[in-house]
There are 2 protein chains.
Amino acid sequence: MFESIDRYADQCVRLSDEERTFFHGILQRKTIKKKTFLLRKGEVCNFEAYIVKGCIRTFYIDENGFEINLQFAVEDWWVSDIASFTDRKPSGLFIQTLEESELLMIDHDHKEQLFRTYPKFERMFRLMLQRNLSVLQNRFLATVSQPAEQRYLDFIQRYPDIQQRVPQHMIASYLGISAEFLSKIRKRRR
Amino acid sequence: MFESIDRYADQCVRLSDEERTFFHGILQRKTIKKKTFLLRKGEVCNFEAYIVKGCIRTFYIDENGFEINLQFAVEDWWVSDIASFTDRKPSGLFIQTLEESELLMIDHDHKEQLFRTYPKFERMFRLMLQRNLSVLQNRFLATVSQPAEQRYLDFIQRYPDIQQRVPQHMIASYLGISAEFLSKIRKRRR
DNA sequence: CGCGACGTTGATTTGCCTCAACGATTGTGG
DNA sequence: CCACAATCGTTGAGGCAAATCAACGTCGCG
């Protein structure tokens with residue numbers, strides 16, 4: 001159960017057995033059915049979830065009622081609305097499973113307790129944030145500097161597995177284009 | 001000299017006098033002339049710079065040779081290429097002063113030393129990253145979900161001061177539109 | 001003074017969207 | 001296990017936001 005998150009942690013920090021055990025102790029293990037909402041707009045996000053198995057999307061609904069997919073998270077990623085979680089304020093986002101998912105979740109109080117007990121974990125979460133920031137920066141650059149077709153090609157190259165697991169119209173929204181136009185791009189390449 | 005960064009730190013963590021003094025000790029104070037490059041593509045970024053006074057831009061040059069401005073940083077912000085800084089790998093970005101600037105800089109070794117000596121600072125930098133991540137997330141959402149005119153209006157409302165200090169064609173590139181089109185938007189509103 | 005950086009304007013083009021209609025596939029309740 | 005609905009992907013026609021290209025005025029500065 002904990003092998004994959006242990007591997008994740010080992011990439012960030014060196015943990016003693018004691019630290020590792022404590023960490024495992026505060027993680028809540030959950031199995032969530034397909035299409036379940038972990039968070040809806042207006043709610044305060046009280047979790048950071050590590051994905052052991054499954055696929056989850058984070059999305060936003062704009063003023064015209066259109067969904068915009070921000071992230072598809074699969075094995076070995078964390079999902080949360082960090083701003084809502086940290087400042088304990090209502091979120092503007094939705095988080096939903098796309099497949100049945102196995103998660104390890106940590107809530108606000110336990111996270112603070114973890115940091116107070118072993119400050120070393122601050123480092124792990126800091127590095128995790130850095131990774132997220134880099135990914136988002138690259139994504140932003142790609143979105144503003146490249147045409148839709150190139151963005152699509154980059155996407156299927158970088159995340160060949162995700163393409164299989166997520167419906168095409170969601171990928172379109174993730175890429176910032178309409179479902180119809182994505183279909184036309186795909187046609188072009190045949 | 002340190003008043004503003006102290007205020008910044010106080011928002012994140014509570015520091016003892018000893019911690020504060022140590023922190024001041026590792027900060028390198030620099031005054032940089034207008035239009036100076038702090039980082040060029042291909043170099044490894046070895047600083048995080050807190051801006052006491054001045055204005056700095058971070059930008060990227062795409063495969064067609066066009067500049068894309070990622071960030072304008074003014075007083076009370078940090079600038080760096082975090083990915084390059086952390087992983088000690090060559091950066092793809094440029095960082096350049098737009099005005100004469102007064103900075104407090106920290107390099108990789110001193111940052112690690114700071115964390116080893118007082119782990120509490122991990123928290124400060126983690127919170128800083130969270131803030132950056134939130135800002136970028138909102139910006140990304142705005143970019144994909146709103147038309148250019150609305151993005152421009154939001155920009156001048158949120159950063160009325162920056163608008164005065166940065167040439168218009170750089171703002172256009174920041175907003176992801178051509179300089180000509182920004183000019184036309186402005187005309188429309190007169 | 002003269003040159004380069006900056007901003008403006010108009011004409012034309014284009015990448016992508018919207019709307020509408022239509023198969024194919026999935027899944028779900030009777 | 002079938003029937004019917006919902007979800008998903010495709011295709012075409014038409015439209016619009018924003019890009020591109022080109023020309024020109026202005027200003028600050030070496």
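Helices (H or I, at least four residues) and strands (E, at least two) are DSSP runs, numbered from the N terminus. The structure is a predicted model, in which local features need pLDDT of at least 70 and side-chain atom pairs count only at pLDDT 80 or more, while totals for chains, interfaces and linings use all residues. Residues are numbered from 1 along each chain as its sequence is written, and chains are lettered from A and ligands numbered from 1 in the order in which they are written.

Two copies of a chain are related by a rotation about an axis and a shift along it.

Next comes the interface. With two residues counted as in contact if their C-beta atoms, placed from the backbone, lie within 7 Å, 24 residues of chain A are in contact with 24 residues of chain B. On the chain A side, the elements that give two or more residues are helix 3 (82-87) and helix 5 (120-145). Helix 5 of chain A gives the most, with 16 residues. The chain A side divides into 12 nonpolar, 8 polar and 4 charged residues, where Ala, Val, Leu, Ile, Met, Phe, Trp, Tyr, Cys and Pro count as nonpolar, Asp, Glu, Lys and Arg as charged, and the others, Gly among them, as polar. Because 100% of the interface residues of chain A are also interface residues in chain B, the copies meet through the same surface.

A residue is near a strand of it if the residue's C-beta atom, placed from the backbone, lies within 6 Å. Around DNA strand C there are 16 residues, of which A:Ala148, A:Ser178, A:Phe181, B:Gln168 and B:Ser183 come nearest. The elements giving two or more residues to this surface are helix 6 (148-158) and helix 9 (179-188) of chain A, along with helix 8 (168-175) and helix 9 (179-188) of chain B. Helix 9 of chain B gives the most, with 6 residues. By type, the surface near DNA strand C holds 6 nonpolar, 4 polar and 6 charged residues.

DNA strand D is likewise surrounded by 16 residues, and the closest are A:Gln168, A:Ser183, B:Pro147, B:Ser178 and B:Phe181. Two or more residues come from each of helix 8 (168-175) and helix 9 of chain A and helix 6 (148-158) and helix 9 of chain B. On this surface, helix 9 of chain A gives the most, with 6 residues. The surface near DNA strand D divides into 6 nonpolar, 4 polar and 6 charged residues.

Strands can be followed in chain B, where two strands pair if DSSP finds at least two bridges between them. An open sheet of 4 strands has the order 2-7-4-5, with antiparallel pairing. Its edge strands are strand 2 (37-39) and strand 5, each pairing on one side only. Strand 4 (residues 56-61) and strand 5 (residues 67-73) of chain B run antiparallel and are joined by 6 bridges; one pair of bridge partners is B:Arg57 and B:Phe72. These strands of chain B form a hairpin with 5 residues between them, and B:Gly65 in the turn has a positive phi of about 85°. Strand 4 of chain B also pairs with strand 7 (residues 94-97) of chain B, antiparallel over 4 bridges, and here B:Thr58 stands opposite B:Ile95.

Helix 2 (residues 17-26) and helix 4 (residues 108-117) of chain A pack at an angle of about 170°, with their axes 10 Å apart; axes are lines fitted to C-alpha atoms, for helices over the stretch in contact, and angles run from 0 to 180 degrees between N-to-C directions. Helix 2 and helix 4 of chain A are therefore roughly antiparallel to each other, a label for angles over 145 degrees. Helix 2 of chain A makes the contact through A:Phe22, A:Phe23 and A:Ile26, and helix 4 of chain A through A:His110, A:Gln113, A:Leu114 and A:Thr117. This contact comprises 4 nonpolar, 3 polar and no charged residues.

Technical notes. Parallel < 35°, antiparallel > 145°, perpendicular 65-115°, else oblique.
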